[in-house]
Every structure is written in structure tokens, then in C-alpha cells.
Amino acid sequence: MKEHKPTSSKKFYHVLTRRGFLSVGFFAGAACAVCPVSLGAERKRTVVVWSEGTAPKDVYPHDINTVIAEGLKSLSGWDVRIAGIDQPEQGLPKDLLNTADVLMWWGHKRHGEVKDELVDRIERRVKEEGMGFISLHSSHFAKPYKRLMGTPCSWREYKADGTSVRVIVKLPDHPIAKGLKNFDLPKIERYGEPFRVPEPEAVVLDGIYKKPDGTEEPGRMGMCWTVGKGRVFYFTPGHETYDDFYRPEVRLIMHNAVEWAAPKI
Ligand code: ZN
């Protein structure tokens, strides 16, 4: 799918980085008398897209967080920020985490490096202050997601064997499904049910895996919970060697999920 290639990622990465520094500088310092956002403008909401820097460069040249953030340019009234584990304070200093309305998380190989103190802060932000948390694919084993679920969060099996999937909109009236129709992903890492999480309050997206031998198997693709004051969404696709986060359907789901997960004030 040629149109999914990251032609504008590099440029967007620099824009994001520059905006990120400016915003961090503003929130870290005292209110600035000449800063436009202090002149009565409505505060933009903030989504932080976090990843761990392990995605292959041929698919995600500046890691997965940058491509997800690029897909979120469609959000109106939002600051879209990127963060990564190799940045100071693992990308989430207090000033940034405390202003995030939604935190999106993609991790796989470096879950164990995430500091428990950071997980504590994320848990507090979600449960006590209503920050939304979106866990993507292999982040089912991410420390903050496991903390929020309170269960092992394991699937029965994990197979990247050429399986494809039909993603099915199970709850068409749910905000995360807005504008979305059933669609296919030509490749997916198959995560076999059961998924050891609390019973979701909504399964927005279901799926039917089609295995290389022609047999089919059901698997849930998008699930919602409320944890304390915060909303949590888990999305099953998003394996790092596939181009899922360039695809318009996945980008629409990410867009809708951010708006759904934001605190309702
Ligand atoms: Zn994977």
C-alpha cells in the first residue's frame, strides 16, 4: 500500500519536536505575559504518544510514536506530543504528564525498563484525575496497562505467521466507531483468545482472523474500560513490522479513541 509510506514523517517529526520543546517550556515555567495561550485562549487538550524506540526503521523511521502522532493531525483543538523511553524521565516529566489529557502507549521489548515510580504516577493520573490511557498491541504487557487492569493481561498465543484479519465494527454507535466500517488488515500478529483482562464495558471492535491454512478464529480488536475516573482503550493490531498506523482506518480509530478517552469535564 504505497500511499501509506511515511513521506511526510520526517518533516512532521521536526515540527512536533519543536512544538514539544516550546510547550514544555511554557508549562514548566511561570505563566508568560506575552504568550498567546495566556491571553484568554481556550486551553488545547493534550495527547502524548509514547513509544520505546524499537520499531524497525524501514517501517517506522522515527519510531511508531511519530507516525501515530502524524495520524492524529486530524484532531481539532489538541496538542499532539511525542515522547519516548530514552528521553529524560523516560519521556514523561511531571510537567508533561500532568498536562496530558490522554496518554497513548506502544511498547514491546522494553517493558521492564519502565520505572515503577512512573507507573505509579500514570496510575494516579488515570484513576484519580481522569487521564485517558490507550494501550496498543504488545502494550498489553506494558507496566502501566497491567497496573490499570490488575490482571495478567496475557493472550493464549502470539503468532506472526501470515494471518490476516477482518476487523468488525461491533458497536457502530460507539464514539470510537464513528465513521468506521469493517475493514481488512492483510497481515496481523494473531493474539489468541482468551485475553486475561477484566470484562470490558464495551467491545467496540471484534475480529475474525484468517489463518494461512484457511481456518478462521475470532479475536477481540478494540475494548474499553473505566478505571477510577479515567477511560482506558486497548487496540489489538499494531505489530511493528506492519504498516497499520499509516492506514486510514486505524488512524480513524486512534483519532476517535483519543477523543473518547479524554476526560469529560
Ligand atoms: Zn507484535
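**Notebook: loops, a helix and a hairpin**

I began with Gln90, which I found in the loop between strand E2 (78-84) and H3; helices here are DSSP runs of H or I with at least four residues, strands are runs of E with at least two, and both are numbered from the N terminus. I noted that this is a predicted model, in which local features need pLDDT of at least 70, side-chain atom pairs count only at pLDDT 80 or more, and totals for chains, interfaces and linings use all residues. Residues are numbered from 1 along each chain as its sequence is written.

I looked up the phi of Gln90 and found a value near 55°, positive in a residue other than glycine. Most residues other than glycine have a negative phi, and most peptide bonds are trans. Is Gln90 buried or partly exposed? Gln90 counts as partly exposed because it has 18 C-beta neighbours inside 10 Å; buried requires 20 or more other C-beta atoms within 10 Å of the residue's own, exposed 12 or fewer, and partly exposed lies in between, with C-beta atoms placed from the backbone.

I then turned to His137, in the loop between E4 and H5, where phi is near 50°, again a positive value in a residue other than glycine. His137 has 24 C-beta neighbours inside 10 Å, so it counts as buried.

For the peptide bonds, I noted that the one from Glu193 to Pro194 is cis, with omega near 5°, and that Pro194 sits in the loop between strand E8 (190-191) and E9.

Next I followed helix H4 (residues 116-129), whose buried residues are Ile122, Arg125 and Val126. Seen down the axis of H4, these buried residues fall within an arc of 90°, so they line one face of the helix; the arc is that of the directions from the helix axis to the C-beta atoms. On the other side of H4 I found Asp116, Glu117, Asp120 and Glu128 exposed. Just after H4, Gly130 takes a positive phi of about 85°.

Last, I traced the strands, where two count as paired if DSSP finds at least two bridges between them. Strand E9 (residues 202-210) pairs with strand E11 (residues 222-227) in the antiparallel sense over three bridges, and Gly222 in E11 is the bridge partner of Leu205. E11 also runs antiparallel to strand E12 (residues 230-235), joined by six bridges, with Gly230 in E12 as the bridge partner of Val227. The hairpin of E11 and E12 has two residues between the strands, and there I noted that Gly228 takes a positive phi near 60°.
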